[in-house]
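This note sets out a few points for discussion. Please read them with the sequence and the structure at hand.

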Protein chains: 2
Amino acid sequence: MPQQPDHACRPYGAGRVTPQRKLVAQLAESWPGAFTVEELSSAVREQDRAASVATVYRAVAALAEQGWLERVGERHGSVLFARCAAGEHHHHHVVCDGCGRVEAAECPVASPASTVSGFVITRHEVTLYGLCPECATGTAI
Amino acid sequence: MPQQPDHACRPYGAGRVTPQRKLVAQLAESWPGAFTVEELSSAVREQDRAASVATVYRAVAALAEQGWLERVGERHGSVLFARCAAGEHHHHHVVCDGCGRVEAAECPVASPASTVSGFVITRHEVTLYGLCPECATGTAI
DNA sequence: GTGTATGCAAACTGTTTGCATGGAC
DNA sequence: GTCCATGCAAACAGTTTGCATACAC
């Protein structure tokens, strides 16, 4: 296969890769959807009881800085992050109301209307909500 | 003019109208855009030094409950509220990057596409960003 | 060997809550 | 007169920071 873009192999950029950071990146990568730092932190501590929240916060901040993770919203007061493969490409997110899964979605905005209510529009944020295939077809909770 | 809908005159619904609540509603009404509770609270305290943050939080919560105020996002960790005249009608918000002004905007989502990435979409949130007429025509900051 | 990441705990911010009191209705 | 809204302060959750130490490079 073609060689991976550099940052895919170096989620921390020039930063050092410690066991904790490796764990954070690994768990974030395999996380089924979006997560709060708190949630990720719990998962990290299951595998490394000594890992502290502060470290996870710092690791997540480093990953977000590299664009390897993305802020995708908030859930009752906590910031939601998700591993986002879409990179720089203009996209949005669709959130499953059932399981919390988050995926990238095409931009559903019709015409990039440049003026609304007299405002000159330069950018927009869209979040779609619904049910993922599993939650939609599976038996309701 | 036709008589105002009831809630327009009674922002607190059946709740009691105290001087503090009157002040909160008044300031929110005349606020040029969206505000955090903290900002509103500061403004309230300028006119009533004894008013406490807790009271403002409670008043804002009551107003939001009545649909008289609306959560329109967040600004560095704080919830943003705005007086919203659009009421129940499906709409979104356009935020001025210059002055922070917030106005209701038509829904720019093309077709209410019911499926995206296999998800069954039930609702969406859109926020537009740009410059309001004043900030767009006025000299750049 | 150098300098960054860690762990711990304390600090900080935004928000909520409990409780006794005052005041709107 | 009743009961809700207030003010105060303490509690709370999420997040950040300072500092000495450990360890990736």
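At what angle do H2(A) and helix H4 (residues 53-65) of chain A pack, and how far apart are their axes? The points below begin with that question; please keep in mind throughout that the model is predicted.

1. Helix packing in chain A. Two packed helices are described by the angle between their axes and the distance between the axes. For H2(A) and H4(A), the angle is about 65° and the axes are 10 Å apart. The two helices cross in a right-handed sense. On the side of H2(A), the residues involved are Gln20(A), Arg21(A), Val24(A) and Ala25(A), and they meet Thr55(A), Val56(A), Arg58(A), Ala59(A), Val60(A), Ala62(A) and Leu63(A) of H4(A). Sorted by class, the residues of this contact are seven nonpolar, two polar and two charged.

2. Helix packing in chain B. Here helix H2 (residues 19-30) and helix H4 (residues 53-65) of chain B have axes that come within 10 Å and cross at roughly 65°. The crossing of H2(B) past H4(B) is right-handed. H2(B) contributes Gln20(B), Arg21(B), Val24(B) and Ala25(B) to the contact, while the residues from H4(B) include Thr55(B), Val56(B) and Leu63(B). The contact of H2(B) with H4(B) comprises seven nonpolar, two polar and two charged residues.

3. A salt bridge within chain A. Over all chains, the structure holds two salt bridges. Arg83(A) and Glu29(A) form a salt bridge in which the closest N and O atoms are 3.2 Å apart. Because Arg83(A) belongs to strand E3 (residues 78-83) and Glu29(A) to helix H2 (residues 19-30) of chain A, the pair ties together parts that are 54 residues apart in sequence.

4. Extent of the interface. The size of an interface is often given as the accessible area lost when the parts come together. Between them, chain A and chain B bury about 2,600 Å², with 60% of it on carbon and sulfur atoms. In chain A, the residues that lose the most area to chain B are Phe119(A), Arg123(A) and Tyr129(A), which together account for 25% of what that side buries. The contact draws 33 residues from chain A and 32 residues from chain B.

5. How many salt bridges are counted between chain A and chain B? The count is zero, whereas ten residue pairs are in polar contact, both residues being at pLDDT 80 or more. Elements of chain A that each supply at least two residues to the side touching chain B include strand E2 (69-75), strand E4 (92-96) and helix H5 (133-137). The largest share of that side, 13 residues, comes from E7(A). By class, the side of chain A that touches chain B has 19 nonpolar, six polar and eight charged residues.

Methods:
Residues are numbered from 1 along each chain as its sequence is written. Chains are lettered from A and ligands numbered from 1 in the order in which they are written. This is a predicted model: local features need pLDDT of at least 70, side-chain atom pairs count only at pLDDT 80 or more; totals for chains, interfaces and linings use all residues. Side-chain values use heavy atoms; hydrogens and water are left out. Axes are lines fitted to C-alpha atoms, for helices over the stretch in contact, and angles run from 0 to 180 degrees between N-to-C directions. Helices (H or I, at least four residues) and strands (E, at least two) are DSSP runs, numbered from the N terminus. A crossing is left-handed if the near helix is turned anticlockwise from the far one by less than a right angle, and right-handed if clockwise. Contact means heavy atoms within 4.5 Å. Ala, Val, Leu, Ile, Met, Phe, Trp, Tyr, Cys and Pro count as nonpolar, Asp, Glu, Lys and Arg as charged, and the others, Gly among them, as polar. Buried area is the accessible area (1.4 Å probe) that two parts lose on being put together, summed over both. A salt bridge is a side-chain nitrogen of Lys or Arg within 4 Å of a carboxyl oxygen of Asp or Glu. A polar contact is a pair of N or O atoms within 3.5 Å; within protein, one must be able to donate a hydrogen and the other to accept it, and residues adjacent in sequence count only if both atoms are side-chain atoms.
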